[in-house]
Amino acid sequence: MAEYEQVADWIRRFAADVAERKGELTRLDQAIGDGDHGTNMDRGLRKAVEKLDAVEGNDIGAALKAVGMALVSSVGGAGGPLYGTFFLQAGQAAAGHSELDTEGFASMVRAGVDGVQARGKAEPEDKTMIDALLPAAAALEQGGDLADAAARAADAAEEGMRATIPLVARKGRASYLGERSRGHQDPGATSSALMMRAAAQAFADPS
Amino acid sequence: MKKLINATDDVVRESLEGVEAAHGDRVRVSYDPAFVVRADAPVQGKVGVISGGGSGHEPMHGGFVGPGMLDAACPGEVFTSPTPDQMLEATKAVNGGAGVLHIVKNYTGDVLNFEMAADLAKGEGIDVTAVVTNDDVAVQDSLYTAGRRGVGVTVLLEKIVGAAAEEGKSLAEVTEIANRVNAEGRSMGMALTSCIVPAAGEPTFQLGDNEMEIGIGIHGEPGRERMPLEPADQITERLAAAVVDDLPYREGDQVLAFVNGMGGTPLIELYIVYRALKRFLDGRGITIARNLIGPYITSLEMAGTSITLLRLDDELTRLWDAPVNTPGLRWGV
């Protein structure tokens with residue numbers, strides 16, 4: 001089980017990890033994109049944490065919706081609508097809940113990933129954040145204790161992230177590079193893996 | 001990095017404050033969320049026309065707000081798409097009851113943010129259509145990429161579509177004209193030097209003293225090839241041939257020829273390019289019926305040029321000639 005505070009802690013950890021590794025995200029994006037992913041995600045997640053801190057009550061859905069709206073209105077680029085949609089859809093799936101079991105978290109993540117796919121129209125192996133998120137969603141759906149499931153999901157996301165290295169990008173600005181995008185890790189898959197690792201850490205620590 | 005700025009974080013906002021100070025008679029500026037809007041918006045019964053995109057391409061888009069062109073423009077951070085809340089508020093501010101057209105350049109971020117804004121606006125009962133410009137022939141059009149980039153045609157489209165809306169055409173008619181302009185236009189650019197994004201502080205790419213990048217994007221994205229520098233006539237011929245052969249433009253066509261400066265190239269050089277372009281098109285039996293020469297869709301301080309051709313018919317020519325009164329384009333008023 002994850003309480004409201006652990007879910008909030010997930011977002012704060014994600015924001016802190018992105019802030020710490022923003023240079024790395026930007027370098028990955030400079031190689032195959034336009035070099036703003038780290039800066040944009042850091043700006044958006046700072047705003048998201050501010051909004052999260054202002055949420056009253058313990059409705060996980062309301063908290064994630066606030067995070068989603070903050071990301072939509074402050075990230076810019078493709079990351080804003082994609083991460084924003086993830087949290088808006090996840091929030092809708094968790095509406096009214098003050099705690100989550102494995103099944104609840106799994107269906108929330110699945111709703112988020114479905115939203116990202118509907119917005120960005122990316123398929124597996126297009127070299128996008130979907131390559132980290134889909135395996136994570138599948139890992140969560142195997143069930144079990146939430147801390148274990150979240151840890152497996154983070155491992156799966158990181159594996160998916162590393163598996164983007166040899167892929168040729170078919171979506172986003174990296175797709176213009178064609179073969180030249182091979183050999184680089186996708187920055188969106190990297191930030192998505194950070195997001196899933198943050199969840200594993202937040203749900204592992206008893207609050 | 002040497003730039004006329006105060007602080008990298010303040011570049012977009014302070015520039016907007018300058019726009020407001022200079023052109024407050026024609027435009028209003030909203031800062032949160034950020035957009036530039038016609039002072040007399042919304043014009044009742046007129047289709048609203050808005051655009052937006054990353055900053056750093058001035059005068060596009062904010063400089064094209066005013067009667068006869070855009071009703072509003074949403075500036076993002078430098079080279080970063082604006083966000084749906086900006087586009088939604090701009091859409092509401094220009095909605096005079098006849099619906100709103102979104103003019104979007106084909107970059108994944110711009111497309112996704114405008115799609116989300118359109119969904120939100122429709123949820124509030126506003127009719128919204130969109131045209132996505134994708135005229136850059138440097139990019140191979142393929143199912144396996146995000147498609148061609150939107151570049152120079154965007155400027156011509158904003159002028160022509162703005163005139164159509166000003167005439168009182170319906171949202172469906174304005175959208176059809178927008179799609180026609182995009183279909184009839186093609187562009188290609190080249191760079192002599194890189195741009196420097198203020199927040200990055202260093203050149204986006206490195207070019208040797210004797211090198212140029214053919215097919216450059218307006219954010220410094222790589223093009224078709226990097227090659228040794230050539231005289232202006234040969235560079236122009238390379239760009240013009242790629243553009244003409246793509247649509248293709250044929251003998252007897254009447255075109256609008258647009259020679260654009262990337263930001264760091266002076267007009268004296270752009271006219272040398274225009275001279276070569278005129279000769280090239282004469283040789284192909286293509287007539288330049290209208291022209292536009294100058295820095296209108298720029299890439300910060302990048303030196304270079306792009307060539308855009310738009311095949312004209314009587315209606316597009318008439319709409320191009322119609323009065324326009326914006327900070328960036330002004331005639332007939």
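Strand β3 of chain B pairs with β5 (residues 100–105) of chain B through four bridges, and the two strands run parallel. Strands here are DSSP E runs of at least two residues, helices are H or I runs of at least four, and both are numbered from the N terminus. Two strands count as paired if DSSP finds at least two bridges between them. This is a predicted model, in which local features need pLDDT of at least 70, side-chain atom pairs count only at pLDDT 80 or more, and totals for chains, interfaces and linings use all residues. Residues are numbered from 1 along each chain as its sequence is written, while chains are lettered from A and ligands numbered from 1 in the order in which they are written.

**Confidence**

- The model scores ipTM 0.79 and pTM 0.89.
- Chain B has an average pLDDT of 96, and 99% of its residues score at least 70. pLDDT is the predictor's confidence in each residue, from 0 to 100.

**The six-stranded sheet of chain B**

- The strand order is β1-β2-β4-β3-β5-β6 in an open sheet of chain B with mixed pairing.
- β1 (27–31) and β6 (128–133) of chain B are the edge strands; each has a single partner, so one side of each lacks a neighbour in the sheet.
- From one strand to the next, the twist averages 20°. Axes are lines fitted to C-alpha atoms, for helices over the stretch in contact, and angles run from 0 to 180 degrees between N-to-C directions.
- β3(B) and β4(B) are parallel and share five bridges.
- β2 (residues 34–38) of chain B pairs with β4(B) in the antiparallel sense, over two bridges.
- B:A72 in β4(B) stands opposite B:I50. B:V37 also stands opposite B:A72.
- B:I50 stands opposite B:H102 in β5(B) as well.
- β4(B) is mostly covered, with seven of its seven residues buried. A residue is buried if 20 or more other C-beta atoms lie within 10 Å of its own, exposed if 12 or fewer, and partly exposed in between, with C-beta atoms placed from the backbone.

**Helices on the sheet**

- Helix α3 (residues 108–123) of chain B lies across β3, β5 and β6 of chain B, at about 165° to β5(B).
- Helix α5 (residues 171–184) of chain B lies across β5 and β6 of chain B, at about 5° to β6(B).

**Domains of chain B**

- Contacts link 24 residues of domain 1 of chain B with 31 residues of domain 2 of chain B. Two residues are in contact if their C-beta atoms, placed from the backbone, lie within 7 Å.
- On the domain 1 side of this boundary in chain B, α4 (153–166) and α5 each supply at least two residues.
- α4(B) gives the most to that side, with seven residues.
- The domain 1 side of chain B divides into 14 nonpolar, five polar and five charged residues. Ala, Val, Leu, Ile, Met, Phe, Trp, Tyr, Cys and Pro count as nonpolar, Asp, Glu, Lys and Arg as charged, and the others, Gly among them, as polar.

**Where chain A touches chain B**

- 22 residues of chain A are in contact with 23 residues of chain B.
- On the chain A side, α3 (37–54), α4 (60–74), α5 (79–93) and α6 of chain A each give two or more residues.
- That side of chain A holds five nonpolar, eleven polar and six charged residues.

**Backbone exceptions**

- Most residues other than glycine have a negative phi, and most peptide bonds are trans.
- The peptide bond from B:M60 to B:H61 is cis, with omega near -5°. B:H61 sits in the loop between β3 (48–55) and β4 (72–78) of chain B.
- B:L247 and B:P248 are also joined by a cis peptide bond, with omega about -5°. B:P248 sits in the loop between α6 (232–246) and β10 (254–261) of chain B.
- B:F79 is not a glycine, yet has a positive phi of about 60°. B:F79 belongs to the loop between β4 and α2 (84–94) of chain B. With 29 other C-beta atoms within 10 Å, B:F79 is buried.
- A:E125, another residue other than glycine, has a positive phi near 70°. A:E125 lies in the loop between α6 (102–120) and α7 (130–140) of chain A. A:E125 counts as partly exposed, with 16 C-beta neighbours inside 10 Å.
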